[in-house]
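Here are a few exercises to work through with the model open in your viewer. Try each one before you read its solution.

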Amino acid sequence: MIAHLILRRLLGAIPSLVAVVVVTFMLTRALPGDPAAYFAGPAATPQAIEEIRHKLGLDKSLPLQFVDYLGDLARGEFGQSLTTGQPVAQDILARLPASVELTLAGLILALIVALPLGVAAATRPGSWIDHLARVVSTAGVSLPVFFTGLLLVYVFYYLLGWAPAPMGRLDLFTSAPRTITGFFLIDSLLTGEFATFRAAAAQLTLPALTLALFSVAPLARMTRASMLGVLSSDFVRTARANGLSRGTVLVTYALRNALLPVVTTLGMVFSFLLGANVLVEKVFSWPGIGSYAIEALVASDYAPVQGFILTMAVLYVTLNLLIDVLYGLIDPRVRIEA
Amino acid sequence: MNLLEIEHLSLEFRTRGGTVRALEDVSLAVGKGETLGVVGESGSGKSVLSFAVMGISDAAAKVTNGAVRFEGLDLLGDGRSALDELRGAEMSMIFQNPRVALNPIRMVGKQIADVLSRHAGVTRDQAKTRAVEMLAKVRIPDPERRARAYPFEMSGGMCQRVMIALALACSPKLLIADEPTTGLDVTTQAAIMDLIGDLARESRMSTILITHDLALAAERCDRIAVMHAGHVVEVATTAELFAHPRHPYTAKLIATTPRPGVGLAELEPVPGALPDLRGDLPDCRYSTRCERHRAECAAGPLARMIDLTNAHLVACRRPL
């Protein structure tokens, strides 16, 4: 049943991926700025610029450029980044785990806080904990991430000295663990390098906290709203009338039913954070793909931007697939519909 | 001794629009093995009463007076903490709309097993086996397979059988059935009522049947209590109540019930509507709708229950 659902969702994703390929191509060509001029430098002669333009294939017609682009994609080549001089695919592959690890850590932190907070607020609407949840969510979502990031660095690194310097995924004295998954926390555990694990965790804490502070709001609010609806439903009353313990009623009966909209929100927050945490990556010198794409965009470097958007699209499709599977695991009715 | 005694119970809802006095001075008793019917229009306080007995009232509900005693244990006072253990074990409840009254994403067998492992002191595996046995007991065909079904895969009648299995899993002494057959077709309705009746007789279980269907109550109950606007206005044995209704409201209710030989056009509705339960109300809440209402009705407080004969109680100054 689940396999059937996955297959159907995968087939359904093909048109959107095609659309993404076309749109990114058009978009990057429509952007202002001339990459040939940019790379020739300010002192270049018009002739030199033309030469570079020819070398980059930018003097061809748009349809021809598109065909070239499709051919590259089919071979798994995203092109060459002009700024880093590396193949884009390699750049993205190296930087994506950093972004994903950071986002996941932030989301898990956020979930740990948001779920209990939302449930507590829903069980006692109007109480102090409900108001606390509201204040925390409003504050978290209204403070811009670069501000919370800087604030955390100021307090925990500069004033208190508890956190390491915000200088990327590892401090200068630790070398990266052997790449297995690309996630430093997991790789260091797998290879048994516990000192590296501690260093990576220390580096990760503040940026993850920054993202968590931002994502607690939508998750806690959705949990609260969804729980309120479920708690007043007939089957929760039945569970109470049958004398089931408070914990069973709250978790097994109410929360599991309230999770569906929370999972949807989780997916949205995740995909938003993954691409949009450029500012956090900048503040913490995090070598993620958000900052990579921004740098490429500023330099009118087409290939990385296209590669970035395409990667995000694939990730987004995968994420939605995961969420659909999660839906099916939570709610048997979804499985039947598939 | 009576199994359940409700004495002078008053309950109000504090809402933004004012205080709703949903129950006032309600007294009822249910004997061992007895089936008591509670009838009245929607909004007369039947369900509020049963929720109060079970201790699952809405958070806005406040009991202002009275006592509920289960086997002598005061459920609103000293026995409050024991109520958690009693619910589902000694006293259970089944609801209307069985399809939404079951957890939609949990297999029905597991839901029954949840109740068993909470109250019956059995292991998870034993609970599973017992759950299948319960499904067989409520006459669900192929119980092994049905235990793994979800509520949405079953018909309304089947869901109500599961609800009954859920309620009776721990062999309670008291079952409150709140409109158990509303929304089911007539054949299923009869089957469900037969099932409840049989199981109740088997274990000498007391039943409170809450319904707006007088014909159903007449058929299934030993005694009937008539409720109107949060008051119990009349209590009598079923035969006595239908033969000699003393309260004008009861008489009107009986007149509205379809029966053979009476055309639909001849059935008379009860005039007026339930009074707004907020603000000041006369002692007799039926007085605004009552055709027999006279000035003397309002003179002095209404003695709640006047013992006419031994088993027939009525709250009226000018009974029929």
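Two residues are in contact if their C-beta atoms, placed from the backbone, lie within 7 Å. Keep in mind that this is a predicted model, with ipTM 0.86 and pTM 0.80.

**Exercise 1.** Work out what share of the contacts in chain B between residues at least 6 apart in sequence join residues at least 24 apart.

*Solution.* Start with confidence: chain B has a mean pLDDT of 86, and 96% of its residues reach 70 or more. Next, take the contacts in chain B whose partners are at least 6 apart in sequence; 65% of them join residues at least 24 apart.

**Exercise 2.** Check the radius of gyration of chain B against the globule rule.

*Solution.* First, the inventory: chain B holds 11 helices and 12 strands. Its radius of gyration comes out at 20 Å, close to the 20 Å from the globule rule for 320 residues, so chain B is as compact as a globular protein of that length. Then look at burial: 45% of the 320 residues count as buried.

**Exercise 3.** Find which helix gives the most to the side of chain A that touches chain B.

*Solution.* Count the contact first: 19 residues come from chain A and 24 residues from chain B. On the chain A side, α10 (234–241), α11 (246–276) and α15 (332–337) each supply at least two residues. The top contributor is α10(A), with seven residues. Sorted by class, that side of chain A has seven nonpolar, six polar and six charged residues.

**Exercise 4.** Locate the bend in α5(A).

*Solution.* Helix α5 of chain A covers residues 88–123 and reaches 50 Å from its first C-alpha to its last, close to the expected 52 Å.

Methods. Residues numbered from 1 in each chain as written. Chains lettered and ligands numbered in written order. Predicted model: local features only at pLDDT ≥ 70, side-chain atom pairs only at ≥ 80, totals over all residues. Helix = DSSP H or I, 4+ residues; strand = E, 2+ residues; numbered from the N terminus. Expected span 1.5 Å × (residues − 1). Bend = angle between axes of the 7 residues up to and from the residue. pLDDT = per-residue confidence, 0-100. Nonpolar A, V, L, I, M, F, W, Y, C, P; charged D, E, K, R; others polar. Rg over C-alpha atoms; globule rule 2.2 N^0.38 Å. Buried ≥ 20, exposed ≤ 12 C-beta atoms within 10 Å, placed from the backbone.
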